[in-house]
Amino acid sequence: MLILVTNDDGIDSAGLHALEAVAASLGEVWTVAPATEQSARSHALTMHEPLRVHTHGPRRFAVTGTPADCSYLALHHLLPRKPDLVLSGINRGSNLGNDVVYSGTVAAAREAASAGVPALAASLWIRGDEPRWDTAQQVVRTVAERILRHGLPERILLNLNVPDVVPEVLKGVRIAPLGRRFYTASVEEKLDPRGRRYYWIGGDHERFEGPEDTDGPLCEDGWAVITPLQMDITAHGLLQELRTWNLEGPCSTT
Ligand code: MN
(Lines give C-alpha, C1' and ligand atoms only; values in the text may rest on other atoms or scores of the structure.)
Protein backbone atom coordinates (compact mmCIF):
# COMPACT_ATOMS: atom_id res chain seq x y z
CA MET A 1 0.00 0.00 0.00
CA LEU A 2 1.39 3.39 -1.02
CA ILE A 3 -0.06 6.49 0.65
CA LEU A 4 0.55 10.15 -0.15
CA VAL A 5 0.22 12.54 2.79
CA THR A 6 -0.12 16.27 2.28
CA ASN A 7 -1.74 19.31 3.93
CA ASP A 8 -2.08 23.08 3.77
CA ASP A 9 -0.62 24.02 7.17
CA GLY A 10 2.91 23.19 6.06
CA ILE A 11 5.57 20.50 6.40
CA ASP A 12 6.28 21.18 10.09
CA SER A 13 2.69 21.24 11.39
CA ALA A 14 1.56 18.95 14.19
CA GLY A 15 -1.47 17.78 12.21
CA LEU A 16 0.74 16.57 9.36
CA HIS A 17 2.85 14.50 11.78
CA ALA A 18 -0.33 13.07 13.27
CA LEU A 19 -1.54 12.10 9.79
CA GLU A 20 1.82 10.58 8.83
CA ALA A 21 1.59 8.35 11.89
CA VAL A 22 -1.85 7.11 10.82
CA ALA A 23 -0.67 6.54 7.25
CA ALA A 24 2.39 4.61 8.47
CA SER A 25 0.06 2.09 10.12
CA LEU A 26 -1.58 1.47 6.73
CA GLY A 27 1.32 1.35 4.27
CA GLU A 28 4.40 3.09 2.83
CA VAL A 29 4.10 6.83 3.39
CA TRP A 30 5.24 9.55 1.00
CA THR A 31 4.86 13.09 2.31
CA VAL A 32 4.75 16.03 -0.08
CA ALA A 33 3.60 19.15 1.76
CA PRO A 34 3.90 22.93 1.40
CA ALA A 35 7.10 24.48 2.78
CA THR A 36 5.04 27.25 4.40
CA GLU A 37 1.47 27.82 5.65
CA GLN A 38 -0.96 27.68 2.71
CA SER A 39 -4.36 27.69 4.44
CA ALA A 40 -7.24 29.25 2.45
CA ARG A 41 -5.26 29.03 -0.81
CA SER A 42 -7.99 26.83 -2.26
CA HIS A 43 -7.07 25.04 -5.50
CA ALA A 44 -4.43 27.49 -6.76
CA LEU A 45 -1.68 26.10 -8.96
CA THR A 46 1.68 27.87 -9.25
CA MET A 47 2.25 28.29 -12.97
CA HIS A 48 4.13 31.57 -13.28
CA GLU A 49 7.08 31.04 -11.01
CA PRO A 50 9.34 28.07 -10.32
CA LEU A 51 8.52 25.45 -7.70
CA ARG A 52 11.36 24.14 -5.54
CA VAL A 53 11.30 20.79 -3.81
CA HIS A 54 13.35 20.39 -0.62
CA THR A 55 14.05 16.93 0.77
CA HIS A 56 13.23 16.68 4.49
CA GLY A 57 13.99 12.99 4.93
CA PRO A 58 13.32 9.64 3.31
CA ARG A 59 10.16 9.97 1.15
CA ARG A 60 9.49 13.38 2.71
CA PHE A 61 9.44 16.59 0.63
CA ALA A 62 8.56 20.26 1.13
CA VAL A 63 7.32 22.20 -1.90
CA THR A 64 7.50 25.99 -2.20
CA GLY A 65 3.92 26.12 -3.47
CA THR A 66 0.29 25.40 -2.73
CA PRO A 67 -1.44 22.23 -1.53
CA ALA A 68 -2.72 21.53 -5.06
CA ASP A 69 0.87 21.98 -6.35
CA CYS A 70 1.96 19.32 -3.83
CA SER A 71 -0.59 16.77 -5.02
CA TYR A 72 0.18 17.55 -8.66
CA LEU A 73 3.96 17.23 -8.26
CA ALA A 74 3.64 14.13 -6.09
CA LEU A 75 1.23 12.28 -8.37
CA HIS A 76 2.83 13.21 -11.67
CA HIS A 77 6.50 13.25 -10.76
CA LEU A 78 7.79 12.52 -7.26
CA LEU A 79 6.11 9.23 -6.35
CA PRO A 80 7.34 5.97 -7.89
CA ARG A 81 3.78 5.01 -8.87
CA LYS A 82 0.18 6.11 -8.43
CA PRO A 83 -0.67 5.89 -4.70
CA ASP A 84 -3.56 3.85 -3.36
CA LEU A 85 -4.77 6.73 -1.21
CA VAL A 86 -4.14 10.43 -0.62
CA LEU A 87 -4.63 11.82 2.88
CA SER A 88 -4.71 15.61 3.36
CA GLY A 89 -4.51 17.24 6.79
CA ILE A 90 -5.02 16.86 9.60
CA ASN A 91 -5.99 20.50 9.27
CA ARG A 92 -5.57 22.85 12.22
CA GLY A 93 -9.22 23.97 12.23
CA SER A 94 -12.49 22.78 10.73
CA ASN A 95 -13.48 22.83 7.05
CA LEU A 96 -17.28 22.89 7.28
CA GLY A 97 -19.92 24.08 4.83
CA ASN A 98 -18.62 26.65 2.37
CA ASP A 99 -15.15 26.43 3.95
CA VAL A 100 -14.50 23.65 1.44
CA VAL A 101 -14.39 26.25 -1.35
CA TYR A 102 -11.49 28.08 0.30
CA SER A 103 -9.71 25.17 1.93
CA GLY A 104 -6.25 24.13 0.74
CA THR A 105 -6.66 20.89 2.69
CA VAL A 106 -9.72 19.99 0.63
CA ALA A 107 -8.12 21.22 -2.61
CA ALA A 108 -5.11 18.93 -2.21
CA ALA A 109 -7.49 15.97 -1.87
CA ARG A 110 -9.64 17.26 -4.75
CA GLU A 111 -6.57 17.48 -7.01
CA ALA A 112 -5.86 13.83 -6.19
CA ALA A 113 -9.48 12.82 -6.85
CA SER A 114 -9.39 14.57 -10.22
CA ALA A 115 -6.26 12.56 -11.04
CA GLY A 116 -8.12 9.33 -10.23
CA VAL A 117 -6.77 8.64 -6.74
CA PRO A 118 -9.10 8.05 -3.75
CA ALA A 119 -8.66 10.95 -1.35
CA LEU A 120 -9.64 12.05 2.15
CA ALA A 121 -9.40 15.58 3.54
CA ALA A 122 -9.32 15.59 7.36
CA SER A 123 -9.72 18.52 9.74
CA LEU A 124 -9.79 18.93 13.51
CA TRP A 125 -12.08 21.67 14.88
CA ILE A 126 -9.60 22.96 17.44
CA ARG A 127 -11.16 24.72 20.43
CA GLY A 128 -8.42 24.73 23.06
CA ASP A 129 -4.69 24.91 23.59
CA GLU A 130 -4.14 21.15 23.51
CA PRO A 131 -5.71 19.79 20.32
CA ARG A 132 -6.87 16.19 20.54
CA TRP A 133 -5.05 14.96 17.45
CA ASP A 134 -5.45 11.43 18.84
CA THR A 135 -9.23 11.59 18.45
CA ALA A 136 -8.89 12.73 14.84
CA GLN A 137 -6.25 10.05 14.21
CA GLN A 138 -8.62 7.29 15.32
CA VAL A 139 -11.40 8.45 13.00
CA VAL A 140 -9.05 9.09 10.07
CA ARG A 141 -7.65 5.59 10.41
CA THR A 142 -11.13 4.04 10.33
CA VAL A 143 -12.27 6.11 7.35
CA ALA A 144 -9.02 5.46 5.44
CA GLU A 145 -9.41 1.71 5.98
CA ARG A 146 -12.97 1.84 4.63
CA ILE A 147 -11.86 3.80 1.56
CA LEU A 148 -9.15 1.21 0.87
CA ARG A 149 -11.71 -1.58 1.28
CA HIS A 150 -14.63 -0.10 -0.68
CA GLY A 151 -12.89 2.36 -3.02
CA LEU A 152 -14.48 5.65 -4.08
CA PRO A 153 -16.23 6.54 -7.34
CA GLU A 154 -14.22 8.51 -9.91
CA ARG A 155 -13.69 12.17 -9.02
CA ILE A 156 -15.29 11.88 -5.57
CA LEU A 157 -13.41 12.73 -2.37
CA LEU A 158 -14.37 12.55 1.29
CA ASN A 159 -14.26 15.53 3.63
CA LEU A 160 -13.94 14.66 7.32
CA ASN A 161 -14.27 17.00 10.29
CA VAL A 162 -13.59 15.88 13.84
CA PRO A 163 -14.52 17.82 17.00
CA ASP A 164 -11.76 18.60 19.48
CA VAL A 165 -12.80 16.22 22.27
CA VAL A 166 -11.22 13.25 24.00
CA PRO A 167 -11.97 9.95 22.22
CA GLU A 168 -14.34 8.82 25.00
CA VAL A 169 -16.50 11.94 24.55
CA LEU A 170 -16.75 11.75 20.73
CA LYS A 171 -20.37 10.86 19.97
CA GLY A 172 -19.44 8.89 16.85
CA VAL A 173 -19.39 9.32 13.09
CA ARG A 174 -22.17 10.73 10.89
CA ILE A 175 -22.51 11.05 7.12
CA ALA A 176 -24.03 14.42 6.20
CA PRO A 177 -24.20 17.06 3.46
CA LEU A 178 -22.48 20.44 3.62
CA GLY A 179 -24.39 23.18 5.39
CA ARG A 180 -23.82 26.92 5.35
CA ARG A 181 -21.32 28.69 7.54
CA PHE A 182 -21.12 32.41 8.20
CA TYR A 183 -18.12 34.42 9.33
CA THR A 184 -18.04 38.03 10.45
CA ALA A 185 -16.83 40.13 7.52
CA SER A 186 -13.66 41.81 8.70
CA VAL A 187 -11.29 44.20 6.95
CA GLU A 188 -8.64 45.83 9.12
CA GLU A 189 -6.89 48.81 7.65
CA LYS A 190 -3.48 49.73 9.05
CA LEU A 191 -0.50 51.84 8.12
CA ASP A 192 2.87 50.27 7.42
CA PRO A 193 6.07 51.87 8.82
CA ARG A 194 6.34 53.95 5.63
CA GLY A 195 2.85 55.39 6.00
CA ARG A 196 1.16 53.29 3.31
CA ARG A 197 -2.14 51.50 3.92
CA TYR A 198 -2.34 47.74 4.15
CA TYR A 199 -5.24 45.38 4.87
CA TRP A 200 -5.79 42.25 6.90
CA ILE A 201 -8.95 40.36 5.88
CA GLY A 202 -10.96 37.47 7.35
CA GLY A 203 -13.29 37.35 10.36
CA ASP A 204 -14.30 34.81 12.99
CA HIS A 205 -16.84 32.00 12.87
CA GLU A 206 -20.28 33.45 13.48
CA ARG A 207 -22.90 30.75 12.96
CA PHE A 208 -24.17 27.88 10.88
CA GLU A 209 -27.43 28.21 8.99
CA GLY A 210 -29.70 25.50 7.71
CA PRO A 211 -30.74 22.00 8.78
CA GLU A 212 -29.40 20.44 11.96
CA ASP A 213 -28.34 17.36 10.02
CA THR A 214 -25.65 19.17 8.02
CA ASP A 215 -21.92 19.03 8.72
CA GLY A 216 -21.47 22.14 10.88
CA PRO A 217 -24.26 21.67 13.44
CA LEU A 218 -23.43 17.95 13.78
CA CYS A 219 -19.72 18.61 14.36
CA GLU A 220 -20.63 21.36 16.85
CA ASP A 221 -22.79 18.78 18.62
CA GLY A 222 -19.82 16.44 19.05
CA TRP A 223 -19.95 14.16 16.00
CA ALA A 224 -17.20 13.46 13.49
CA VAL A 225 -18.80 14.21 10.12
CA ILE A 226 -18.03 12.81 6.68
CA THR A 227 -19.26 14.57 3.53
CA PRO A 228 -18.66 13.13 0.06
CA LEU A 229 -17.67 15.90 -2.37
CA GLN A 230 -17.78 15.93 -6.16
CA MET A 231 -15.99 17.98 -8.80
CA ASP A 232 -19.14 18.95 -10.74
CA ILE A 233 -20.53 22.12 -9.15
CA THR A 234 -23.02 22.77 -11.98
CA ALA A 235 -26.30 24.18 -10.62
CA HIS A 236 -28.35 21.54 -12.42
CA GLY A 237 -31.60 23.01 -11.08
CA LEU A 238 -31.05 26.25 -13.01
CA LEU A 239 -30.20 24.79 -16.43
CA GLN A 240 -33.84 24.73 -17.58
CA GLU A 241 -34.65 28.18 -16.20
CA LEU A 242 -31.61 29.70 -17.94
CA ARG A 243 -32.74 28.19 -21.25
CA THR A 244 -35.96 30.27 -21.03
CA TRP A 245 -33.84 33.46 -21.09
CA ASN A 246 -33.32 33.11 -24.86
CA LEU A 247 -29.54 33.23 -24.46
CA GLU A 248 -28.80 30.22 -26.62
CA GLY A 249 -28.36 30.15 -30.35
CA PRO A 250 -26.44 32.37 -32.76
CA CYS A 251 -24.92 35.45 -31.10
CA SER A 252 -27.47 38.25 -30.75
CA THR A 253 -27.66 41.37 -28.58
CA THR A 254 -31.45 41.67 -28.61
MN1 MN B 1 -4.93 24.87 7.21
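Here are some friendly notes on the predicted model shown above, as numbered points.

1. First, the ground rules. This is a predicted model, in which local features need pLDDT of at least 70 and side-chain atom pairs count only at pLDDT 80 or more, while totals for chains, interfaces and linings use all residues. Residues are numbered from 1 along each chain as its sequence is written, and side-chain values use heavy atoms, with hydrogens and water left out.

2. Now the overall picture. The protein chain has 7 helices and 13 strands; helices (H or I, at least four residues) and strands (E, at least two) are DSSP runs, numbered from the N terminus. A compact globule of 254 residues would have a radius of gyration near 18 Å, and the 20 Å of the protein chain agrees with that. That radius is taken over C-alpha atoms, and the globule rule is 2.2 Å times the number of residues to the power 0.38. Of the 254 residues, 44% count as buried, where buried means under 20% relative accessible area, exposed over 50%, and partly exposed in between (1.4 Å probe, protein chains only).

3. Strand 5 deserves a look. In strand 5 (residues 85-92), 7 of the 8 residues are buried, so the strand is largely enclosed by the rest of the structure. Strand 5 pairs with strand 1 (residues 2-6) in the parallel sense over 4 bridges, and Ile3 stands opposite Leu85. Strand 6 (residues 119-125) also runs parallel to strand 5, joined by 5 bridges, with Leu124 as the bridge partner of Arg92. Two strands pair if DSSP finds at least two bridges between them.

4. Next, the metal. The manganese ion has Asp8 (OD), Asp9 (OD), Ser39 (OG) and Asn91 (OD1) as protein donors, lying 2.1 to 2.2 Å from it. Asp9, in the loop between strand 1 and helix 1 (14-24), and Asn91, in strand 5, are 82 residues apart, so this pair links distant parts of the chain. Both Asp9 and Asn91 are buried. Donors are N, O and S atoms within 2.8 Å of the metal (3.2 Å for Na, K and Ca); water is not among the atoms, so sites may look incomplete.

5. Finally, Asn95, in the loop between strand 5 and helix 3 (99-102). Asn95 counts as buried because its relative accessibility is 6%. Its side chain makes polar contacts with the side chains of Ser103 (3.3 Å) and Ser123 (2.9 Å). A polar contact is a pair of N or O atoms within 3.5 Å; within protein, one must be able to donate a hydrogen and the other to accept it, and residues adjacent in sequence count only if both atoms are side-chain atoms.
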